[in-house]
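I opened my notebook to look up a few things in this structure. Here is what I jotted down.

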Amino acid sequence: MRDILPQEQPYWQQVRRVSEKVATDFGYQRVDLPLVEFTNLFTRSIGSGTDIIEKEMYSFSTKGGERVSLRPEFTAGVARAYIQHGMHILPRPVKLYYTGSCYRYDRPQEGRWREFYQFGCEVIGEQNPVLDAQIIQMGWRIIHQLGIRNVKVHVSSIGCPACRKNYRNLLVHYLESKKQKLCIDCKRKLDTNPLRILDCKEDKCIQVRTNAPQSIDHLCDECRIHFKELLEYLEELGIPFELDSALVRGLDYYTKTVFEFFSALGSDDSGKSKRNALGGGGRYDQLIKMLGGEDTPAVGFGLGLDRLVIEMKKLGVRVHKEPNPRIFLAQLGNFAKRKSLRLFESLERAGIMVAESFGRGSLKSQMKIAGRLGVEVTLILGQKEALDGTVIMKDMASGNQEIIDAGKIVDEVKKRLKK
Ligand code: HAM
């Protein structure tokens, strides 16, 4: 877990601004969800054999004895909220977006933190692949608009429970024949969660799976048509994609479409398996029913904001920075300090950014700060000016000073700034 200091904030603000704008432009509404949910919600949704559930959740018991966890992701919470608030009565599809921190107890390294931030969108209540395409389009658009060009979408279909069962049997049959070549972890997964072997980062397991049967070759008719239509929509949208049969994702709730976003530029080229995805998502048509809701198809994506910021920095993306104040307000003496507080407020209300150093007493040290900030004008309010109802306006470039009536100072400053 780490601090995000002020100098990094312009990147974060840009990421938040762009992602929220795209979401609202596409008709999504914001939801804020609790950071803590019952552990059970995540275990049931994400799947007990996954790394997130087996190794990465921050779980604890409350004083009331309930088992709860810090959210490792948002989709399970969104599905819970959808059911709990009876959103099935709303016009379909229901389009929701969210942003906030997530927690996974992983080995920290660049691009992988224990506290990280996600932005995501979920569209609930439609099964047409056009929505899968639109969800991919949104994620891609956000990344692109942040100045991360050359984004590629890796896409696959893992089918529905029916075709996945057949595929799983084929895969197990193949992997059993290569068992000796697998790492210890994957040998264990062969019995518990064989699909996860496709996701292993060990070189020898990567070797084994190059000839493994691929899920997209074993889809049922419905899933194959869904996937084919999705690819046609992506082509229509001009979104560059790559079929990636090794894409298994780290969560069990997916059905049919799965995808991840990668940047071709700026990431290390040591092979896709070592590259971090900027985001990912997919369809999860069974999740809401499995959690006790009606049979409701859904699809969504989540972006890793920390990784977007890293990528923007690597690529040297220019971000919007707040302008520096052009006015400094200096004061001398207690009475003047009190008046300065009021004057600061009048300027701030008029939309004029003012720097100050009210904690300092000496005029010399305040003028030094004004000089360092490079302001154009310094307003000086001493004991005499405070009593007279005036303010000294000093032009920092020429050093010229004028005495201005305190009631007219806002207008005078505005005039000066226009020049
Ligand atoms: P995910 O792939 O687990 O999917 O996470 C989405 C993104 O979060 C990743 O692509 C990555 O950018 C970022 N991320 C994940 N773990 C970390 C970490 N330890 N440090 C930094 N960034 C990280 C989900 O969470 C799904 N809920 C996405 C989704 C939404 N599927 C359907 N709807």
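Predicted model: local features only at pLDDT ≥ 70, side-chain atom pairs only at ≥ 80, totals over all residues.

I started with the domains: the C-alpha centres of domain 1 and domain 2 lie 51 Å apart. Domain 1 covers 6-160 + 220-314 and domain 2 covers 327-413, with bounds from an automatic or database domain assignment.

Residues are numbered from 1 along each chain as its sequence is written, and side-chain values use heavy atoms, with hydrogens and water left out.

Next I looked for disulfides (a pair of cysteine sulfur atoms within 2.5 Å), and the count is zero.

Then I went through the rings. I use "aromatic pair" for rings of Phe, Tyr and Trp (its six-membered ring) with centres within 6.5 Å; planes under 30 degrees apart are stacked, over 60 edge-to-face, the rest tilted. I found eight aromatic pairs. One of them is Trp12 with Tyr117, edge-to-face at 5.4 Å centre to centre and 75° between the planes. Those two residues are 105 apart in the chain.

Last, I checked charges over rings (NZ of Lys or CZ of Arg within 6 Å of the ring centre and within 35 degrees of the ring normal). Arg2 lies over the face of Trp113, 3.8 Å from the ring centre. Lys313 has its charged end over the ring of Tyr11, 5.5 Å from the centre.

Terms used:
Helix = DSSP H or I, 4+ residues; strand = E, 2+ residues; numbered from the N terminus.
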